[in-house]
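User: I would like to go through the labels used for this model one at a time. For each label, show me the value and the cut-off behind the call.

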Amino acid sequence: VTAFTPINHIKFMERRLELWAKVFEASGEGIVIIDAEHRVLTANRAFCRATGYELHELIGEAVRPDAGISLLAPFAALLAQRSNWQGEVTMQRRDGSFYPAWLMLSVMRSGHEGEVSHFIATTIDPAIAPLGAALLSQDSARYRAGATLLGRLDGAVLLGADGFVLH
């Protein structure tokens with residue numbers, strides 16, 4: 001038995017993939033896609049522009065603090081239950097300067113067991129996006145209070161030369 005997919009369906013899916021690639025690159029929000037082993041698969045232009053890193057410097061890098069503990073580990077229990085987290089963070093640019101950002105972490109799952117396949121980290125730099133500034137000023141206290149209940153996370157994350165660093 002041979003199965004064929006109609007060519008018009010294949011063309012439709014190709015156009016859809018091209019559109020998603022354009023949306024990813026055109027987004028004003030920084031987006032990083034991380035695999036299940038906590039390594040960067042890709043990042044968009046907004047993330048690279050905000051942090052000062054070139055894409056080739058990020059791909060394949062482990063997302064971990066200088067102590068070797070995963071950035072995602074402090075959020076593991078929450079991400080296992082809700083599959084997302086958001087809160088105020090402090091990001092570090094490649095040049096060592098800092099900027100406030102709003103971080104949204106999402107978990108992508110696959111298979112019957114619901115195993116983690118990817119993490120999506122989205123950041124809004126309030127200096128670039130007025131919406132980000134509004135989020136930080138209006139919702140920061142609420143999310144910081146929630147993070148404090150999760151083990152004194154305080155929603156603080158730094159992106160250093162070797163990946164994400166907690167402080």
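Analyst: A salt bridge here is a side-chain nitrogen of Lys or Arg within 4 Å of a carboxyl oxygen of Asp or Glu. Keep in mind that the model is predicted.

User: Why is the contact of Glu14 and Lys11 called a salt bridge?

Analyst: The side chains of Glu14 and Lys11 meet at 3.8 Å, N to O. The cut-off is 4 Å, so the pair qualifies. Both residues lie in helix α1, residues 7–26. They are three residues apart, about one turn of the helix.

User: How many salt bridges does a search of the whole structure find?

Analyst: It finds three. Another is the pair Arg45 and Glu25, whose side chains meet at 3.4 Å, N to O. That value is within 4 Å, so the label holds. Arg45 lies in helix α2 (residues 45–51) and Glu25 in helix α1, so the pair ties together parts that are 20 residues apart in sequence.

User: Why is the pair Glu57 and Arg94 called a salt bridge?

Analyst: The closest N and O atoms of Glu57 and Arg94 are 2.7 Å apart. That is within 4 Å, so the pair counts. Glu57 lies in helix α3 (residues 55–58) and Arg94 in the loop between β3 (84–92) and β4 (98–110), so parts that are 37 residues apart in sequence are tied together. Glu57 is partly exposed at 24%. Arg94 is exposed at 52%, because the limit for that word is 50%.

User: Why is Ser27 called buried?

Analyst: Ser27 has a relative accessible area of 18%. Buried means under 20%, so the label applies. Ser27 lies in the loop between α1 and β1.

User: What does Ser27 touch, and what makes those residues contacts?

Analyst: Ser27 touches Asn44 and Ala46, not counting residues up to four places away in sequence. Contact means heavy atoms within 4.5 Å, so both residues meet that limit.

User: What makes the approach of Ser27 to Glu29 a polar contact?

Analyst: A polar atom of the Ser27 side chain lies 3.1 Å from the backbone nitrogen of Glu29. The limit is 3.5 Å, so the distance passes.

User: What makes β3 and β4 a pair, and β1 and β5?

Analyst: The test asks for at least two bridges. Nine join β3 to β4, which run antiparallel. Thr90 has Pro100 as its bridge partner in β4. This hairpin has five residues between its strands, and Gly96 in the turn has a positive phi of about 95°. Six bridges join β1 (residues 30–35) to β5, again antiparallel. Ile31 has Thr122 as its bridge partner in β5. Both pairs therefore pass.

User: Which strands are called edge strands, and why?

Analyst: Five strands form an open sheet in the order β2-β1-β5-β4-β3, with antiparallel pairing. The edge strands are β2 (40–43) and β3, and each pairs on one side only. The twist averages 25° from one strand to the next.

User: Why is β5 called mostly covered?

Analyst: Seven of the ten residues of β5 (residues 115–124) are buried. Buried means under 20%, so those seven each fall below that limit.

Terms used. Residues numbered from 1 in each chain as written. Predicted model: local features only at pLDDT ≥ 70, side-chain atom pairs only at ≥ 80, totals over all residues. Heavy atoms only, no water. Helix = DSSP H or I, 4+ residues; strand = E, 2+ residues; numbered from the N terminus. Buried < 20%, exposed > 50% of the residue type's maximum accessible area, 1.4 Å probe, protein only. Polar contact = N/O pair within 3.5 Å; in protein donor to acceptor, adjacent residues only side chain to side chain. Axes fitted to C-alpha atoms, helices over the stretch in contact; angles between N-to-C directions.
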